[in-house]
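Hello,

Here is the structure I promised to pass on. Have a look through it first, then read my notes below.

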Amino acid sequence: MRAWRHWLLLRGMLLWGDSGAAVPPGRSGIWAARRQLSGAERDTLKQRRAQIMSRGLPKQKPIEGVKQVIVVASGKGGVGKSTTAVNLALALAANDSTKTVGLLDADVYGPSIPKMMNLKGNPELSQNNLMRPLLNYGIACMSMGFLVEETAPVVWRGLLVMSAVEKLLRQVDWGQLDYLVVDMPPGTGDVQLSISQNIPISGAVIVSTPQDIALMDAHKGAEMFRKVHVPVLGLIQNMSVFQCPKCKYKTPLFGTDGARKLARTLNLDVLGDIPLHLSIREASDIGQPVVFSQPESDEAKAYLRVAVEVVRRLPPPPE
Ligand SMILES: Nc1ncnc2c1ncn2[C@@H]1O[C@H](COP(=O)(O)OP(=O)(O)O)[C@@H](O)[C@H]1O
Ligand SMILES: [Mg+2]
Ligand SMILES: [Zn+2]
């Protein structure tokens, strides 16, 4: 008796005198429970702990004025996530002219929206000190690239990156948007988790090429969203088929059904195939995305179809 009381004193948990009479009731209760923990009690304790932990998670707060957030993610970089995000945003607007669409570049390490949307410059501040998005092709855009010099090395780590993300999420005056398309950084790191936990996301689309490695990364991406309860709307298979610009002959470069197989194992839909096409890259590079500059092309139509599939799978928007 004396020995464990002494130990507790040392741990600073209990502060009572030598008499041993002044044990605070709550404390003795905990101690008693500890000593006789049965299997059932242990389960209850586990449940309670889970409850407390879920209470401790940051509360998701909608972005002012934004009805639905669609994130475009991938397991790795270079699979065409930004290209897809840009053309998806344009396609959502093109398919339904009553909808207003915004584009948030959350790739704080390597922002590519400014170049792809041919936008440059510093956002103005609104009356309540929020940043106004820059506008092109009818899409409101915000990117880290508007806030730092293109040549400045973006080598923020940890907190700096997080506060940058926080600014992009909370300090932008989007006005009224039906859809905000978010171009995520590659992978399943802190930025992705932070965004998923801070704002309600209507759905995630995962971009992947048909190669096995990219597909394995896509798998990880899909799992992450499921863990944080973000509905995954489906997979977009990018660069699946090469279409010769001269004779229009189609070559399936990486095999035809990698993404479909993965989709089946994950119980997910394929939202569409985007061909590997010179004009998609060229259009992106000169800041005139194909859905805007060549809306009648097969490439643009592929994005327009994907946008239909995305909208079809979104939950009904809030009133
Ligand atoms: N379907 C496509 N056809 C041709 N080029 C593409 C296609 N998708 C992406 N690209 C090109 O591939 C490169 C990487 O695309 P990007 O969208 O920047 O990838 P991520 O955002 O995943 O890193 C860019 O040069 C882009 O123009
Ligand atoms: Mg990108
Ligand atoms: Zn040819």
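M142 is buried, because its relative accessibility is 0% and the cut-off for buried is under 20%. Keep in mind that this is a predicted model. M142 sits in strand 4, which covers residues 139–143. Now find M131. M142 and M131 are 11 residues apart in sequence, and their C-alpha atoms are 8.7 Å apart in space.

Next, strand 7. L235 is part of this strand. L235 counts as buried, since its relative accessibility is 0%. L235 and V306 are 71 residues apart in sequence, yet 9.9 Å apart in space, C-alpha to C-alpha.

Which residues of helix 12 are buried? They are E299, A300, A302, Y303, L304, V306, A307, E309 and V310.

M239 is found in strand 7. Its phi is near 60°, a positive value in a residue other than glycine. N129 lies in the loop between helix 5 (113–116) and strand 3 (134–136). N129 is exposed, because its relative accessibility is 54% and exposed means over 50%.

Now the ligands. Start with ligand 1. How many residues surround ligand 1? The count is 17, and the closest are G78, K81, S82, T83 and P275. By class, the shell has seven nonpolar, eight polar and two charged residues.

- T83 places a polar side-chain atom 2.6 Å from an oxygen atom of ligand 1.
- H277 has a backbone N or O atom 3.0 Å from a nitrogen atom of ligand 1.
- V79 has a backbone N or O atom 3.2 Å from an oxygen atom of ligand 1.

Taken alone, ligand 1 exposes 550 Å², and the protein buries 82% of that. Which elements give two or more residues to the shell around ligand 1? They are helix 4 (81–95), strand 7 (232–243), strand 9 (270–276) and helix 10 (278–285). So strand 7 turns up again: L235 lies in it, M239 is found in it, and this strand gives residues to the shell.

Last, the zinc ion, which is ligand 3. Its protein donors are C244 and C247, each through its SG atom. These donors lie 2.2 to 2.3 Å from the zinc ion. Is C247 buried or exposed? C247 is exposed, because its relative accessible area is 54% and the cut-off for exposed is over 50%.

Best wishes

Notes
Residues numbered from 1 in each chain as written. Chains lettered and ligands numbered in written order. Predicted model: local features only at pLDDT ≥ 70, side-chain atom pairs only at ≥ 80, totals over all residues. Heavy atoms only, no water. Near = heavy atom within 4 Å. Polar contact = N/O pair within 3.5 Å; in protein donor to acceptor, adjacent residues only side chain to side chain. Areas by Shrake-Rupley, 256 points an atom, 1.4 Å probe, with all protein chains shown as cover. Helix = DSSP H or I, 4+ residues; strand = E, 2+ residues; numbered from the N terminus. Nonpolar A, V, L, I, M, F, W, Y, C, P; charged D, E, K, R; others polar. Donors = N, O, S within 2.8 Å, 3.2 Å for Na, K, Ca; no water. Buried < 20%, exposed > 50% of the residue type's maximum accessible area, 1.4 Å probe, protein only.
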